[in-house]
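Please open the model in a viewer and keep the selection panel at hand.

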Amino acid sequence: MAPEEKNTAVLEEHDRLLASDLAGEIEFLTARTRSLGSLLANRELAPLDLKVRSYSVLSLACGPTPPTQRELAGFLSLDPSQIVALVDQLEKRGLVLRVPDPQDRRSKIIRATGDGAAVYRQAREATHRAEEAALGSLSPAERDELRRLLTKTAFPDGQG
């Protein structure tokens with residue numbers, strides 16, 4: 001079966017379920033959208049040996065305010081042990097460094113290396129391609145509105 005035929009068969013199979021209560025629930029819709037988006041992003045990131053979670057850590061480490069491991073866990077809603085594993089992977093590849101936090105020497109700041117910044121630039125392009133594929137049916141204005149609404153729900157205290 002050609003890929004186009006397979007996609008059509010999957011869509012027809014899903015069409016039967018679109019009338020279900022579940023298909024109209026926001027939690028389901030956001031989870032499904034996230035799942036599909038992560039699948040596309042992971043495919044685009046694979047040549048860089050990254051996944052969405054490791055990309056997220058690298059992205060924040062490349063930002064203007066490199067985070068501590070604790071901040072990463074809170075912002076990404078991951079268990080601290082998951083953050084340790086992700087940072088370990090990136091550190092082994094020479095993409096990030098753990099440096100002492102000048103405010104609290106027991107805490108470590110995750111800072112990107114030069115190689116990490118270079119990989120991040122490529123990864124950012126990859127995630128843009130994935131976003132385009134996932135949200136291609138939305139107009140630019142609809143994407144802006146979706147981003148605004150998701151930011152409002154992800155950061156209800158306006159801290160996003």
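Select Leu-50 to begin: apart from residues up to four places away in sequence, Leu-50 touches Asn-42, Leu-45, Leu-58, Leu-90, Arg-93, Val-119 and Ala-123, where contact means heavy atoms within 4.5 Å. The model is predicted, so local features need pLDDT of at least 70 and side-chain atom pairs count only at pLDDT 80 or more, while totals for chains, interfaces and linings use all residues. Residues are numbered from 1 along each chain as its sequence is written, and side-chain values use heavy atoms, with hydrogens and water left out.

Next, display the largest nonpolar core, which has 21 residues. Such a core is a set of buried Ala, Val, Leu, Ile, Met, Phe, Trp, Tyr and Cys residues joined through side-chain atoms within 4.5 Å; buried means under 20% relative accessible area with a 1.4 Å probe, protein chains only. Leu-50, Val-57, Leu-58, Ile-83, Val-87, Leu-90 and Val-96 have the most contacts inside this core. Helices H3, H4, H5 and H6 each supply at least two of the core's residues.

Now select helix H3 (residues 52-61). Helices (H or I, at least four residues) and strands (E, at least two) are DSSP runs, numbered from the N terminus. Which residues of H3 are buried? They are Ser-54, Tyr-55, Ser-56, Val-57, Leu-58 and Ala-61. Their cover includes helix H2 (26-45), H4, helix H5 (80-92), strand S1 (96-101), strand S2 (104-112) and helix H6 (114-135).

Axes are lines fitted to C-alpha atoms over the stretch in contact, and angles run from 0 to 180 degrees between N-to-C directions. The two helices are therefore oblique to each other, as the angle is not under 35 degrees (roughly parallel), over 145 (roughly antiparallel) or 65 to 115 (roughly perpendicular). At this contact, Ser-56, Val-57 and Leu-60 of H3 meet Leu-72, Phe-75 and Leu-76 of H4.

Move to Ser-107 in strand S2. Ser-107 counts as buried because its relative accessibility is 18%. Beyond its neighbours within four places in sequence, Ser-107 is in contact with Thr-68, Val-99, Pro-100 and Asp-101.

Finally, show the whole protein, with its seven helices and two strands. From the N terminus on, the elements run α-α-α-α-α-β-β-α-α. The C-alpha atoms fill a box of roughly 55 × 40 × 30 Å along the principal axes, and 24% of the 160 residues count as buried.

Note on methods
Buried < 20%, exposed > 50% of the residue type's maximum accessible area, 1.4 Å probe, protein only.
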